[in-house]
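Walk through this structure with me. Keep the sequence beside you as you read.

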Amino acid sequence: MRGRADAFANICDGPRPLLQKNLFMSSLAVLHASQLVTLTGPRRPRIGPELSELGIIRDGGLLVRDGKIEKTGPSDEIERDVGDAEIVNANGRVVMPGFVDAHTHLVFAGNRLDDFERRARGETYQQIAKAGGGIWSTVEKTRAASDLDLLAQAKKHANWFLHCGTTTVEAKSGYGLTVEDELKILRVLRQLKKAMPLEIVPTFLGAHAVPRKLTPDQYLDVVINEMLPRVSAEKLAEFCDVFCEPGYFDIDQSRKILSVAKKLGLSLRGHVDQLTNSGGAKLMAELGATTADHLEQTDEQGIAALKKANVQPVLLPGSVYALGSSRYPRAREMIEAGLAVVLATDFNPGSSPTPSMPMVLSLACAQMKMSPAEAITASTINAAYSLNRGDRIGSLEPGKLANFAIFDCRDYRELAYWFGIPQTHSVYVRGERVAW
Ligand code: NIG
Ligand code: FE
């Protein structure tokens with residue numbers, strides 16, 4: 001009989017991290033980065049011109065003790081304090097904070113190859129969903145999967161993130177849509193967090209679609225009166241999210257769910273104005289949400305409402321690209337309005353099957369006219385603040401966790417410029433090498 005560990009070894013075919021987290025932490029000195037991209041700056045999300053200030057140290061170095069950054073500076077200064085620390089020579093490569101991916105659907109079973117092929121033939125996301133594909137088809141596969149299978153697939157996805165240079169992800173439930181199946185996904189996330197060095201921030205997205213056989217109002221009752229109390233009692237999520245869109249959850253239903261979640265102590269995020277401009281951004285402003293995500297259809301009034309309520313927009317160009325649309329969110333107007341823009345992958349099997357933040361940087365620059373520097377800020381320090389972790393991750397500053405990536409290029413702009421080719425050299429979480 002095979003034990004659990006053997007079963008994992010056979011199912012999980014992704015590359016394994018070299019070290020597990022929370023092992024003995026030693027000292028480390030990284031020297032000779034062509035650019036040490038520190039993102040040093042005010043202790044809050046960056047807005048306007050601040051998005052372009054990366055705090056670069058040329059021929060930079062970094063001293064790490066017990067998993068935390070002790071010091072950054074020019075290599076010769078760091079070298080003087082090396083002591084018995086292990087030395088990592090970055091050899092003229094770029095060193096920067098690990099990407100913080102603030103919007104993913106990391107736990108699901110299977111794929112959506114049929115949807116992909118139908119879209120290539122010209123069908124839309126909504127048409128495919130009506131014809132039996134879409135979120136519902138992933139729900140059926142996810143319900144049928146055992147905890148062990150889901151965890152194995154989640155580990156494979158987590159390894160993809162690490163190998164793209166991402167060290168923290170937000171991850172949502174939403175492919176269960178019954179009390180037990182939603183809790184199953186959140187518990188898999190909890191197990192994943194223990195098993196992998198990737199930092200995970202869990203979000204409850206029970207309101208992702210209305211399950212077959214239930215009316216929207218019947219399901220609303222399940223989400224509010226059965227799921228949310230369990231999620232809160234078991235402390236399974238930090239955030240609550242809703243897919244606020246005609247045909248999924250309308251403004252009033254979304255308001256009801258998010259208001260109850262807020263009372264239970266969860267912070268709020270929302271899939272809003274993705275397919276239609278239905279007032280979702282304004283709802284997120286009204287509720288004092290932490291983020292409003294997607295926003296492809298949001299107009300200037302929606303942007304003004306987000307600014308007034310200090311809500312961070314999370315832009316997901318990977319899903320616009322993969323759905324074959326050309327309607328990207330208005331990133332420039334948002335930056336000019338003073339919003340603390342965040343970029344994320346929206347990794348999921350339907351609308352955005354990519355774990356790659358460098359791909360998202362490329363799309364942000366080419367399609368949304370963000371500069372490479374703005375895109376880096378949006379995917380590190382601003383993303384960290386959007387997960388209530390701006391004081392711990394997202395920049396290379398003394399006292400923060402030593403979560404960083406070394407990229408095989410000399411100039412940070414190369415990360416957004418070359419696309420379709422991995423440039424990750426190595427990745428560190430809490431000072432331990434975890435990928436490559
Ligand atoms: O962010 N819009 C809703 N949720 C996902 C898509 C999920 C899916 O198609 O499986 C999104 O695009
Ligand atoms: Fe999403």
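Start at H105. An N or O atom in the side chain of H105 lies 3.5 Å from an oxygen atom of ligand 1. This is a predicted model, so every distance here is computed from predicted positions. Next comes R112. One of its polar side-chain atoms is 2.8 Å from an oxygen atom of ligand 1. Q274 reaches a nitrogen atom instead. A polar side-chain atom of Q274 sits 2.7 Å from that nitrogen of ligand 1. How much of the accessible area of ligand 1 does the protein cover? The protein covers 100% of the 320 Å² that ligand 1 has on its own.

Now look at the surroundings. Ligand 1 sits in the largest cavity. Around ligand 1 there are 15 residues. The closest are R112, Y125, Y175, Q274 and S351. What kinds of residues form this shell? Nine are polar, four are nonpolar and two are charged.

Turn to the cysteines. A disulfide is a covalent bond between the sulfur atoms of two cysteines. How many disulfides does the structure hold? The count is zero. Take C244, which is in no disulfide. The nearest cysteine sulfur belongs to C240, and it is 12 Å away. C244 is buried, because its relative accessible area is 3% and the cut-off for buried is under 20%.

C409 is another case. Is C409 buried or exposed? C409 counts as buried, because its relative accessibility is 4%.

Definitions and conventions. Residues numbered from 1 in each chain as written. Chains lettered and ligands numbered in written order. Predicted model: local features only at pLDDT ≥ 70, side-chain atom pairs only at ≥ 80, totals over all residues. Heavy atoms only, no water. Near = heavy atom within 4 Å. Polar contact = N/O pair within 3.5 Å; in protein donor to acceptor, adjacent residues only side chain to side chain. Areas by Shrake-Rupley, 256 points an atom, 1.4 Å probe, with all protein chains shown as cover. 1 Å grid on protein atoms, 1.4 Å probe; cavity = no way out; pocket = protein on both sides within 12 Å on 5 of 7 lines; lining within 4 Å. Sits in = over half its atoms within 2 Å of the grid points. Nonpolar A, V, L, I, M, F, W, Y, C, P; charged D, E, K, R; others polar. Disulfide = S-S within 2.5 Å. Buried < 20%, exposed > 50% of the residue type's maximum accessible area, 1.4 Å probe, protein only.
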